2 protein chains.
Amino acid sequence: MNFKMITEFDFIKKYLISNKKNSKHSLNYSDDVGLVDDKIYSTDTICENIHFFSKDKPYHIAQKLIRVNVSDIISKGVKPKYCLFNFSVGKNIDQKWIRNFMRGLKSDINFFKLNLIGGDTTKTSGETVLSLTIFGSLINNRFIRRSSAKSGDFIYVSGTIGDSALGLFCRKKKKINIIKKHKEYLLNRYSKPNPRIDLVNYINNNASASTDISDGLYSDLLNICRTSKLGADINFNKIPISNSAKVIISKYPKLKELILNGGDDYELLFTGKKGLDSNKNITKIGKMKKGRNINITDFDDITNLDGYKHKF
Amino acid sequence: MNFKMITEFDFIKKYLISNKKNSKHSLNYSDDVGLVDDKIYSTDTICENIHFFSKDKPYHIAQKLIRVNVSDIISKGVKPKYCLFNFSVGKNIDQKWIRNFMRGLKSDINFFKLNLIGGDTTKTSGETVLSLTIFGSLINNRFIRRSSAKSGDFIYVSGTIGDSALGLFCRKKKKINIIKKHKEYLLNRYSKPNPRIDLVNYINNNASASTDISDGLYSDLLNICRTSKLGADINFNKIPISNSAKVIISKYPKLKELILNGGDDYELLFTGKKGLDSNKNITKIGKMKKGRNINITDFDDITNLDGYKHKF
């Protein structure tokens, strides 16, 4: 998710990591998931006015809730199978909204072959808040952590990067000077993420470390680096960008930084041996290395460069 | 929980129960829990201004979040062991609040021997919303449903009933004409529920059906009746009431109905053979019967009686 007030990382570090009893099942909070027996667990919340707006189509909001959660489990090379849903109903929504929301939820539950095994409904006096907890069983008795990259591993991404954040830009800006089909493409990428369920076995069989791109390519790569205790070299020009993204960036060059910082793409970022980009629309963008910094070459935006060449 | 806009029962029935694929693991939504392999799962949300207030002690709010969830699992005769936490941080709380909240959370996680295996933190633009998802492994390969009461089973409750709702009354009313120790007892029962972890094995070994009292004795008994397809006779005078509850009801007789309707006691309501009230502060209050109505004897409040003698 974007817009976190306090990052999960800092929050957890400060208050919980001292509790050693938690380390086994929580993976010491080094990953987005927890592990109990043969299953991994994840949970994500989306809030009105932060991650969605009450005027958005409720059908799409439901799909977003399911998909951001599905993406977390898929990125570990595991198929999600069960979920629980917390529905805190805010004052801006009515029965019609709820009906359409539930249709979207049901549709995606069927699409991703999930079982909704429980939930809770309450009202709030303000905004709507939606949480999903999701879990699934390990494939081949393993899942792919984000902490297990090795120095020398290549860095790969699926699909194209930055579309969702550029879609959000289109949504917020009333008048925008690009042709309709590009705007619609980006808006659709923002409102309806497509978690890469098609790659779940590929990740399970091939990735050395993996995460989905939810906070933004740079942040999520930073998470792999931090938890794997490594650095990375990436080549900005290698990052795959859609035609629509190219069009909008040529009109609004400042948006270029969203390729690195824009969240909510729900594509996969993973590491592994040479040649994993030979098919499936996967692109090699760099290499893991010893050290503690991420170095980005070919990123010519001087105003932002400093931020991308630092020790952590 | 109290104050639900739409009951979980109606909500689920309307939108989800038609999905037959969900029936196995969700128990067809006839219970508060879901079942996957050897574990049962539950989730509960508490919202600012509905279930707590930002001026309440954050340490106690955290305990309430843990305890309402622990209570759900305990009432099934299962020990909760793992949890995931969704923290949607509202605008009224600051770092100090969060620090004290996390202390309460950690303290109760340790007290109930839970593992916090994951979570999510986001901000909201309004209220704070807190969800916990909790699960544990079956004891003796079984758990106690609320749908499995038999005609002729006796109905039992643990502890005393109504204290929490009377505590909420004390909290809301500024001037109240009872002596301090009674007020404090009731306030404490409201702010710090004590789920009956001491009875978990007793329930597992003896109860034919079981639920915790969260919505109120009458509502929760109604859930047992509905899902077990039975009726019930209960004797109002047999319902165990604390001394403090007696004192406040003698001053404010209208509060008597809170014994039936007040929520958040987190005591246990269960059915079973004769004699389960021989120890452990358990009281027999009635008997399950064929039919479709709950009959309450000795409840002399004429104005409210109609509501308690109806078919459902």
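Biologist: In which hand does H3(B) pass H4(B)?
Modeller: This is a predicted model, and the answer applies to it as such. Helix H3 of chain B covers residues 58-74 and helix H4 of chain B covers residues 95-111. Where H3(B) passes H4(B), the crossing is right-handed.

Biologist: How are the axes of H3(B) and H4(B) oriented to each other?
Modeller: The two axes come within 7 Å and cross at roughly 40°. An angle counts as roughly parallel under 35 degrees and as roughly perpendicular from 65 to 115. H3(B) and H4(B) are therefore oblique.

Biologist: Which strands are the edge strands of the open sheet of chain B?
Modeller: The sheet has five strands with mixed pairing, in the order E1-E2-E5-E3-E4. An edge strand pairs on one side only. In chain B this holds for strand E1 (34-36) and strand E4 (115-123).

Biologist: Which residue in E5(B) stands opposite Thr45(B)?
Modeller: Strand E2 of chain B (residues 39-47) and strand E5 of chain B (residues 129-137) run antiparallel and are joined by nine bridges. Opposite Thr45(B) stands Ser131(B).

Biologist: What angle does the direction of H3(B) make with that of E2(B)?
Modeller: H3(B) packs on the sheet and touches E2, E3 (82-89) and E5 of chain B. Its direction relative to that of E2(B) is about 145°.

Biologist: Which residue in E10(B) is the bridge partner of Ile234(B)?
Modeller: Strand E10 of chain B (residues 282-289) is joined by five bridges to strand E6 (residues 154-158), and these two run antiparallel. E10(B) also pairs with strand E8 of chain B (residues 231-235) in the antiparallel sense, over four bridges. The partner of Ile234(B) in E10(B) is Gly286(B).

Biologist: What distance separates the centres of domain 1 and domain 2 of chain A?
Modeller: The domain assignment of chain A gives domain 1 as 31-137 and domain 2 as 154-308. Their contact takes 15 residues from domain 1 and 16 residues from domain 2. Taken over C-alpha atoms, the centres are separated by 24 Å.

Conventions: Residues numbered from 1 in each chain as written. Chains lettered and ligands numbered in written order. Predicted model: local features only at pLDDT ≥ 70, side-chain atom pairs only at ≥ 80, totals over all residues. Axes fitted to C-alpha atoms, helices over the stretch in contact; angles between N-to-C directions. Parallel < 35°, antiparallel > 145°, perpendicular 65-115°, else oblique. Left-handed = near helix turned anticlockwise from the far one by under 90°. Pairing = 2+ DSSP bridges. Contact = placed C-beta atoms within 7 Å. Domains from an automatic or database assignment.
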